[in-house]
Amino acid sequence: MGTTRIEDLVAPPVRRLQPYIPGKPIAELEREYGVHDIIKLASNENPLGPGPRARAAMSAAIAEVGLYPDGSGFELKCALAGRHRVPVEWITLGNGSNDILVLLAEAFLTGDTEAVYSQYCFAVYPIAVQAVGAIARVAPARPANDRMPLGHDLDAMAALVTARTRLIFIANPNNPTGTWLDGSSLLQFLRALPDTVIAVIDEAYFEYSRNADCADASEWLRELPNLVVARTFSKAHGLAGLRVGYALSQPQVAEILNRLRQPFNVSSMALAAAVAALGDPDHVSRTVALNRAGIVTLRSGLERLGLKVLPSAANFVLVDLGRAAGAAYEGMLRQGVIARPVGNYGLPNHLRITTGTAEQNQRAIAALAAALGR
Ligand SMILES: *Cc1c(COP(=O)(O)O)cnc(C)c1O
């Protein structure tokens, strides 16, 4: 055997890559701590899970899983085209919207080009950019005492755009902060970008954000040929485990993503469930209503503990514990409540807590109170 280490063989951008840290799975907590009756409020999942129509579609789809899925996702794309009133050619399906983000990085970035995103942005953006060896330009976030604390600062992002910039990632509402951008500010920002930049507006929490003055970037697809809007079935539709999301864009961009995507990147079960979920607006309404109540409960309960809670247009709150969050996170785990530490986002004093059912929200507040000795 020689002396070459595997690490030396790795492509240079991958050497520095840190893996994504997901929320702790329930089975892992059970295994490690021996606790039972666990609730997971760590990954912004829907506490109701999929709706009845999606569940029925999944059951029916079992009969077909011996066959490859429709690689074009025709039926789902038609349903989405109808929903968004765009041609079918404007839709790209992804294995979760994460897949879309990675395809965009692969399509538009190389080692000598740049991507802009914000401090405290979704953790997948830095990974996707680094993986292809591109240069990341990270814009400082808004200050903690801002109206949108730790949220995206569009002026700071615009200031980082150069002739080498190819991609800008904006999550709206943003994860992990929950903060959002209004339509007029965001549209003004997008209109001012040079045509050498593809703007990605990640609207994973779109359905939850409708009661805030949060932008709907899908309204601008006709005006802006460099705009990509990413959406997902993982959050409000309750299909996180199936992995299905999509991009809306003009066809020139969609055609490029289509060259790169795996031929069968969305499973047949996911395609069937997503079509059914689009036809079940009642489930989304129930989900959004439950979340609205959950945000109120979590905010008031956590504020009663003397904690600072950031504004949220999504299905989670970010809470500032005013000290390192590790002990509180651990304390909650021991009580069977999984929250999300966000130290890897540069927020060591915060926890992100997803809204659950009414009962789960009360349990989360009580568990944090006990963990903090309050
Ligand atoms: C959860 C999330 C996604 C998407 O997840 P998928 O399950 O891959 O669709 C994308 N962007 C943000 C900001 C998210 O929080």
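Modeller: In this predicted model, domain 1 and domain 2 bury about 2,800 Å² between them, and carbon and sulfur atoms account for 64% of that area. On the side of domain 1, the residues that lose the most area to domain 2 are P311, A313 and Y345, which together make up 21% of what that side buries. As for the bounds, domain 1 is assigned in two segments, 6–49 and 282–372, while domain 2 covers 52–280. The contact draws 35 residues from domain 1 and 37 residues from domain 2. Taken over C-alpha atoms, the centres of the two domains are 23 Å apart.

Polar contacts are present, however: eight residue pairs between domain 1 and domain 2, with both residues of each pair at pLDDT 80 or more.

Several secondary-structure elements build the face that domain 1 turns to domain 2. Helix 12 (281–304), strand 10 (316–320) and strand 13 (347–354) each supply at least two residues of that side. Helix 12 gives the most, with eight residues. Sorted by class, the side of domain 1 that touches domain 2 holds 16 nonpolar, twelve polar and seven charged residues.

Next, the ligand. Its surroundings consist of G96, S97, N98, F122, N175, D202, A204, Y205, T232, S234, K235 and R243. Three of these residues can be described by a distance from a side chain to a ligand oxygen. For S234, a polar side-chain atom lies 2.5 Å from an oxygen atom of the ligand. For R243, the corresponding distance from a polar side-chain atom to a ligand oxygen is 2.7 Å. For K235, an N or O atom in the side chain is 3.2 Å from an oxygen atom of the ligand.

N175, one of the residues around the ligand, also takes part in a cis peptide bond, the one that joins N175 and P176, with omega of about 20°. P176 is placed in the loop between strand 5 and helix 9. Another cis peptide bond joins N172 and P173, where omega is about -5°. P173 is likewise found in the loop between strand 5 (165–171) and helix 9 (183–191).

D37 is not a glycine, yet has a positive phi of about 55°. D37 lies in the loop between helix 3 (26–33) and strand 1 (39–40).

Conventions:
Residues numbered from 1 in each chain as written. Predicted model: local features only at pLDDT ≥ 70, side-chain atom pairs only at ≥ 80, totals over all residues. Heavy atoms only, no water. Domains from an automatic or database assignment. Contact = heavy atoms within 4.5 Å. Buried area = accessible area lost by both parts, 1.4 Å probe. Polar contact = N/O pair within 3.5 Å; in protein donor to acceptor, adjacent residues only side chain to side chain. Helix = DSSP H or I, 4+ residues; strand = E, 2+ residues; numbered from the N terminus. Nonpolar A, V, L, I, M, F, W, Y, C, P; charged D, E, K, R; others polar. Near = heavy atom within 4 Å.
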